[in-house]
Every structure is written in C-alpha cells, then in structure tokens.
Amino acid sequence: MNQRALETLEFHKIIDRLAAHAGSEPGKQVCRNLQPETDIASITLHQTETADAVSRLIRKGNISFAGNRDIRYAIRSLEVSASLSVQELLHIADVLETAGRVRAYGKGKDDEDTGDSLSDYFLGLEPLTSLSGEIRRCILSEDEIADDASSHLKEIRRSMTSTNDKIRAQLSSMVNSHRTYLQDAVITMRDGRYCIPVKAEYKSQVPGMVHDQSSTGSTFFIEPAVVVELNNTLRELAIAEQEEIAYILSLLSAKAAEHAAELTHNQNLLTRLDFIFAKGRLALDMNATMPLMNEDRYINIRKGRHPLLDKHKVVPIDVNLGKEFDLLVITGPNTGGKTVTLKTVGLFTLMGQAGLHIPALDRSELSVFREVYADIGDEQSIEQSLSTFSSHMTKIVSILQEADDMSLCLFDELGAGTDPTEGAALAISILNDLHERGIRSMATTHYSELKIYALSTDMVQNACCEFDVESLRPTYRLLIGIPGKSNAFAISSKLGLPDRIIEKAREQISEQDESFEDVISDLEASRVIIEKERLELEQYKAEVETLKKKLQEKQEKLEDSRDKILREAREEARDILQEAKDTADATIREMQKAGRMNGMKDAEAARQKVRDKINKQNSNLAAGKEQTHPTLKADQLRLGDSVKVVSMGLKGTVTSLPDDRGNLQVQCGIIKSRVNIKDLVKIEEVPAYLKEMNKAKPASGVSRSKLSKSATISYEINLLGKTVDEALAELDKYLDDAYLSRLPLVRIVHGKGTGALRSAVQSHLRKTSYVKSFRNGELGEGDAGVTIVEFK
C-alpha cells in the first residue's frame, strides 16, 4: 500500500489511537508497525480475532498486559550463557506472571471461550511458575537480594551485622568518653569506613587513620585504630556479599537459560494478544463492527462515521460502490461533507484490510484492493514552483499510470485550480478513462458538466451532500442518485445580496444551464417530498411494530395467565380429590362402625353429613366458577363416566369414547348430544342404588325388635371368593335378615369372573318370594360384578 495514501487518509492517527490501547511496549510497537494487507484469508482471520477479543472484553472485562516486558535482549544473553542482571531477571518474572494471569483469563468457564480464534494463543502460554517463583524468592526488588537466596549469603550478612554492631559499640564508647575532642557526637562514614569527626586541635589525641577533612579545616574525619581491623573485616564481608550475589544471579540465569525457547514463545504470544486486544478495545471505543470482506470490488457502508470525528456529532452516511455503478460523482457546497465522505471510504478500506473494525452498522461490506490512491487536499509546493493545479495533476498522472482494476481511486475537487471549462473537460476525460478500465473511483466536484456526464453514462452515478438553504447549513447527509445543486444564488440572497445583482447574474448563465439547474431544483423538491413520505411510512411502520410487539406481549401474558390458572386448577382439583378420598375413608369407617354398633340411624346420619359437605363444595365452586376449566384427555374417560357439559350446563353419562378429533356422545337425560372433550368436566355422581336407598322410608309400624335387628344388618354383602354352595347359604340368611330389618334394597357383590356365581345368585333371587326385583349394577355401581336387589 502506497505511503502517500496512508498519510493523506490519516491512517497514522488511527494507528496512534490503536497503540494507546496496548498495555505493553512490545504490543505498542506491533501496533505502530500495522499495515493494510491484501490477502483476504489473512484479513478475515485478523478481523475474526478482533471480533473474538471484543466478545471476551464484553463478557469478562479488561485484561492487562503491562507485565509483558521486552526481554528479547535478555534471551539473547541467555543463549550465549551470559549472566543476567537483577532487572532483567525481574522482567522475566514479570513476563511469566503475566503469562499465567492471561492464560487464566483466556481459559474461561463457559463454552463460549473454547474454540474461538484466540483459544490457541491462550493455551500456548507457559507460565513456568517454578522459575518465576524462584526469581521472586531470591530477588525482592531491583535494589535488594533476599537473605534466604542462599545459606552462604545469609551467613555473610549475619557476620556483617555482627561486625557493624561491634564497630558501633567501640565508636559509641569513644564518642561518650572523648566528647571534648569531637566536633559532633556522631558516627559517620567516609570511603565506606566508619569514622568520628575530631576537632583539628585534638587530632593528635585520637590515634587512627585520617580519611577526610572539612572544607574549613576545623574537622578531621578519623578512623580510630581500635576499629581499623573491624572495618577491614566489614569491607571483606561486603566483597564476599557481592560475589555471592553474582553467583546467585548466575544460578538464576542458568535456570532461565533452560527455558529460553519457552520465554521467547511467551513473549511472542503475549505481544500478539496485547495487539489483538488493543484492536478490540479500539473497536469498543469507536462503537465499531466487523466488516464483511470481499474480492468483488464491492463497497457497502451502512451508517458509517469517520473515526477521527466526534462520534456524538458526526452524521452517519450510507455509501455503496461497485455493484450498480463503479464511479460515483459527488457534488454539493463547500464544507458540506464531500471530502469527509471520500476520506471515510478510503480510511474504512485501509482499516478493514488492516484487521480493524469500522464505526458503521453491522454487516457493512468492504472490498480488498491492492492499492488505494487518494488525491485529496492542497499540496502546492513553493520549492518546486508547483501551483495547486500542477500539484494535483502531478499526483493524478502518477495514479493513472499505476492504478489497475484492483485499485480504489479517490479524487477531491477534480479539475479545480484552472479554467473551469478546461478543468471540467479534463475531469470528465480522466474519470472516463478510469471508468473504461473498470477501476472503482469516487470524485467530488462543483462542475455541472460532471453531473451531466454522470447522468448520461452507464455505471456512473451522481451523489450530493444535502444543504439546508433556509438555515444556510449543510446537513452532511449523502444522497446517492441525486446531483447536487450549486445553491449560490439562494445562499447569496439569504446573506443579503441585492436581488438586482442576482438577476443580472442569472442573465449571465446560458438558458441550457439554467434549465439544468431548474431540473435539479425540481428533483430536489421531489426528493424532499419523497423523503418526508418515507419518514412517515417508517414512523407508521414503527408504530405497527410497536403495536405488534405489545399485542405479542399481551398474548404471552395471556398464555402465562392461562397456564397459571390451569396449574392452580389442577392443584385445587388434586386437593379436592384428596379431601374427598379422606372424607370417604372416614365415612366408610364410621358406617362400618355404625353397622356394628349403633344401627341404621347413625349410618344414615353419616351419609347425610357427606352429602352436606359435597353440596357445600358444589355451592362454593358454583359461586367462584370461572370460564376456564381443565381440559380432559381421551384416556381419562371411560364408558359410563359422569360428566358435565360446560356450554350447556347439563350433566350426563359418557356413551362413546372420543374419536381422533375429541368428539364423543353424552347421554343427558333423554337427550343424546355429540360434544367435544374440551367442553366436558368430569364429575363424581352418587350411584343410583344409593339414591334409591336414601329416598326409601322405613315402615312406620315396625317393632322395636325389628329396628334393633336392622341396626346390625349391612346394605351390602360380599360373596367374592366363595363357592356357589357357600355363597347361596350365606346369601339366603342375609336376605332374610335384610328383609326382616326392613331394608328397601341391598347390594350383592359377586364379581364377574366366569359368571357362574352371578347366575346362581340371580337364580336364587328369582325363587325368593319377598324379592320384588333385581338388576345388574350400572356403570359407577360396579357394573356386572354386583346385583341390586329391591324387596317387596
């Protein structure tokens, strides 16, 4: 990519912003060296890496690469077996600790972190915790080696401390006993040896070595003879300490040298990740998205914002090039945004090919070009005696010579700086040459001739930057397909230029030019009307979408409410059934107890209590009844089940099972109706024989002995498991007792089985004189497994 285009389009400013987001100096250096690429596979990979970095930053927050020190020189030293300095070893520890932290960040706990384009980078990091831990154990800071770095160093420093203490004790004693000899009662250091400040007149009174003298000559710094040997020992220990430290550093360097390859690998991966995450942070800062790259020389930018302008103030533009037209001619007033449009397209192309996201809507498309050429701005040269026109023409000549069909050419004010007629002719000729060669190009101009050229040439399109004449301000909106209007007369009139001058000016332009400007004015007026109608349609569409969304939300709420009601109804039904079961069990126990003890009266009272409770529950359900009810399933119904038809409010009996559509026959009294299973509620009916028995009244003339007898007789006899002879003997006695007890009817349970016992029972009943009638049980009474007997 030619450097002039990079400078003209201010690509270096994007690079500076990118480098500011890098956390380490090696990462910043990679950012500064970033250049646009031309291989689409590589570009796509780098764009994907940027997108994955953005995704991780959003999900997991920021990650620092500040510990990624530049250790390349240290590694080269290790390769030649050189010993590293304290600072270099600390930098290696920083890199390894950063590698561990970054690897932990990249590992992640969710599936989204596995399998993206950055996973291999994170997994390739080797923290070498043993090496970094050993360096941190031995080196506390750049100025301090730990006492525990080696046992010998610890012994040396213990000896140094002891010797120091002895020297100070000796000197403190001298200071206290010879205070009159001293200038100050202090112990000081000269040339690394302990001294005391002695007055000049008492110099001979303190034996020892003179190391220094004050500037006035009144004080001599003397090392007393009694501590000379101790000072010598201290100096020897200091030398031994430095030698031991050098030995420790050599050992640490040797350990680091064993992992020189891993250190290099970590450095490269951290630098690469720092660069990628810098691109991600820049994308977030610019609110940028990943462009779709192609090699079809097609550009489609959706709501693009120039990245170097204030993102809160810049007006987004829509630009496309290369599908319906390969040359775009942009016209409009100065400061209207024409140049910004050119720079936006050019800079987006460079950023996309450099793997950077662009500040535009998602799914914007960019093409890969081998070269981008830009003739933008005034670069007149006094030294080369070049005018504005000559400077532009020099660059245009170079562009025409070097550009090919895989180039993007951008021209600002093409043909300006010379005679308008000749300039317009040159501009048309240059653009036509590029157009015939199939080179994607964009140009800005004020020449009407170029507007006509765009209108009359295939695959060439006009565009303009909108200008509000009323406010005398540009709107910066790019309108493709509409040539721009000069607006010179309208602007001048608004600014106060007399009408007579404007009318004279109108007479100076040809009728054809004036007619063309009128056509453009009419087009502009029509565009404004169409734009207004489009905005109204969009507003209506938005309102429809809002209403649709509200309706959908309401429908969802209704669905949720219905599900809640059904769930609560099922729970309530379960509770009711459980309560009914508990009541039935208790009632049966009471009736059995009554059958054994208190007689028919208590049993009847127990049954009445159950009926009252059921009636009360039915009343409560009727009072709080809602329109919704649980939907029955086909497998929940059997022939003879008692049901209620909700829509009709009638009770009936199921006479056929549901078909595929859920329809079935229900007998409601004398009416047989065909209903759907959704319209049914299953109910529990009291068996018919119990109703008949409840209606039956005991005779009024019974004796006390018969009433006492009836108290011990059950209304039901169970013959299951007995032979025919045993059953008939027990049945005969039971029937006599029941008849004497004035029971109106009884229930004989004999089961279905082979039917032998039923036949024997019913044959016996036919021969019994006091039996009025008998019948098989109905559905809900026990069916053919029981026989209901009525006495005379």
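At the start of helix α14, a side-chain oxygen of Asp419 comes to within 3.1 Å of the backbone nitrogen of Thr421, a polar contact (N or O atoms within 3.5 Å, one able to donate a hydrogen and the other to accept it; residues adjacent in sequence count only if both atoms are side-chain atoms). The model is predicted, so to speak of local features takes pLDDT of at least 70 and side-chain atom pairs 80 or more, while totals for chains, interfaces and linings use all residues. Residues are numbered from 1 along each chain as its sequence is written, and side-chain values use heavy atoms, leaving out hydrogens and water.

Gly423, Ala424, Ala427, Ile430, Leu431, Leu434 and His435 are its buried residues (under 20% relative accessible area, with exposed over 50% and partly exposed in between; 1.4 Å probe, protein chains only). They span an arc of only 135° around the axis, which puts them on the same side of α14; the arc is taken from the directions from the axis to the C-beta atoms. Thr421, Glu422 and Glu436, on the other side, are exposed. Gly438 follows the helix, with a positive phi near 70°.

Elsewhere, the whole structure holds 7 aromatic pairs (Phe, Tyr or six-membered Trp ring centres within 6.5 Å; planes under 30 degrees apart are stacked, over 60 edge-to-face, the rest tilted). Among them, Tyr770 and Phe791 make a tilted pair, 6.0 Å centre to centre with 45° between the planes.

Definitions and conventions. Helices (H or I, at least four residues) and strands (E, at least two) are DSSP runs, numbered from the N terminus.
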